[in-house]
Amino acid sequence: MAQIAEAEFIWKNGKLIPWAEATTHILSHALHYGTAVFEGMRCYKTEAGSAIFRHEDHYRRLERSARLIGMDLPYSVDELVQATAELIKANGLTSCYIRPIAYRGYGAMGVNPRPAPIDVAIAVWPWDAYLGNEALENGIAVGISSWRQRSANSTPGGVKSSAGYLNSGLAHMEALDHGYGEAVLLNEAGAVAEGSGENIFIVREGKLATPALSDGILEGLTRNSVIELARDLGYQVEERSLVRTELYVADEVFFTGTAAELTPIRSIDGREIGRPGPVTKALQERFFDVVAGKVPAYKRWLYTL
């Protein structure tokens, strides 16, 4: 899950540079104060060629995240979209994970980030299932974390920032230490928020529910896509607050995310949910058909290189 398969080039500040030369100074502001925003995307191999899922939408979210922490990106969404396509082609990849990051670089120290320059980089590399192929097939065991989701009035969940993911890292390490594959975080009010890097859905009596944005979650693009796919398939979907006991008694539970894609949850806190159920499997099949370019109605989500 954590291994990176090095590619040949990385895009940084408008140029393609060799992978090993994509370095930054030890006194870069982001390293000390977490002043960085990032995205995660996937490029899939389709019958029409390689295609990036929700490409422009991800960069628009990056732009929003940057604006919310007082960063004006020096590149437009269109420029970043073109740079990513160029980078994937230069590396000769047909499918890959994509990690753009904008961060405050070297030049100033102190909690005020504004004097520090803004650097932007994009890296791509081959990456399989984030939680493992076995998890996609049979589901994953998760545990409710003792760490609470960061407050919307401290580090907003709507900002995809490096600072916010310290919270995720603490929860994920705790889950691994307890023998689980992933964590589920509650917010300060005790409502279900999300996984350490994923949104979460439950299925009960054929109906889906997922935490509302007001519960402090990331506005996930895969989450948004699955909601649309589910409704188009005739399922009822609610965006509302969930309590932890609803996870325990759900018929089906699954994660969504760029890295996790659509990963079923097999058990929660040792309470068995079971193998992936019919709704999860139907949505999983639909999602993978969509990203493979097999469903014309959703071709708008694919940016073909």
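A charge is taken to sit over a ring if NZ of Lys or CZ of Arg is within 6 Å of the ring centre and within 35 degrees of the ring normal. In this predicted model, the charged end of Arg271 meets that description over the ring of Tyr248, 4.0 Å from its centre. Arg150 likewise lies over the face of Tyr165, at 5.7 Å from the ring centre.

Nonpolar side chains tend to be buried together in soluble globular proteins. Here the largest nonpolar core has 25 residues. Those with the most contacts inside it are Trp11, Tyr59, Leu80, Ile88, Ile98 and Ile122. Two or more residues come from each of β4 (41–46), α2 (55–68), α3 (77–90), β6 (96–104) and β7 (118–125). Helix α3 gives the most, with six residues. Tyr59 illustrates the packing. Residues up to four places away in sequence aside, Tyr59 touches Met41, Val77, Leu80, Val81, Thr84, Pro100 and Ile122.

The structure holds 10 aromatic pairs. One of them joins Phe53 and Phe287.

Just after α8, Gly293 adopts a positive phi of about 75°.

Helix α5 (residues 165–177) was treated in the same way. It contains 13 residues and reaches 18 Å from its first C-alpha to its last, close to the 18 Å expected at 1.5 Å a residue. Asn167, Ser168, Ala171, His172, Glu174 and Ala175 are the buried residues of α5. They cover an arc of only 160° around the axis, and therefore lie on the same side of the helix. Strand β9 (182–186) is included in what covers them. The face turned away from the buried side carries the exposed residues Leu166 and Asp177. Just after α5, Gly179 takes a positive phi of about 90°.

The loop between β3 (36–38) and β4 contains Gly40. Gly40 counts as buried because its relative accessibility is 5%, and buried means under 20%. Neighbours within four places in sequence aside, Gly40 is in contact with His58, Tyr97, Ile98, Arg99, Pro100, Lys160 and Thr258. One of these, Ile98, is among the residues with the most contacts inside the largest nonpolar core. Another, Pro100, is touched by Tyr59. His29 is 11 residues from Gly40 in sequence, and the two are 22 Å apart in space, C-alpha to C-alpha.

Terms used. Residues numbered from 1 in each chain as written. Predicted model: local features only at pLDDT ≥ 70, side-chain atom pairs only at ≥ 80, totals over all residues. Heavy atoms only, no water. Core = buried A, V, L, I, M, F, W, Y, C linked by side-chain atoms within 4.5 Å. Buried < 20%, exposed > 50% of the residue type's maximum accessible area, 1.4 Å probe, protein only. Helix = DSSP H or I, 4+ residues; strand = E, 2+ residues; numbered from the N terminus. Contact = heavy atoms within 4.5 Å. Phe/Tyr/Trp six-rings, centres within 6.5 Å; stacked < 30°, edge-to-face > 60°. Expected span 1.5 Å × (residues − 1). Arc of directions from axis to C-beta.
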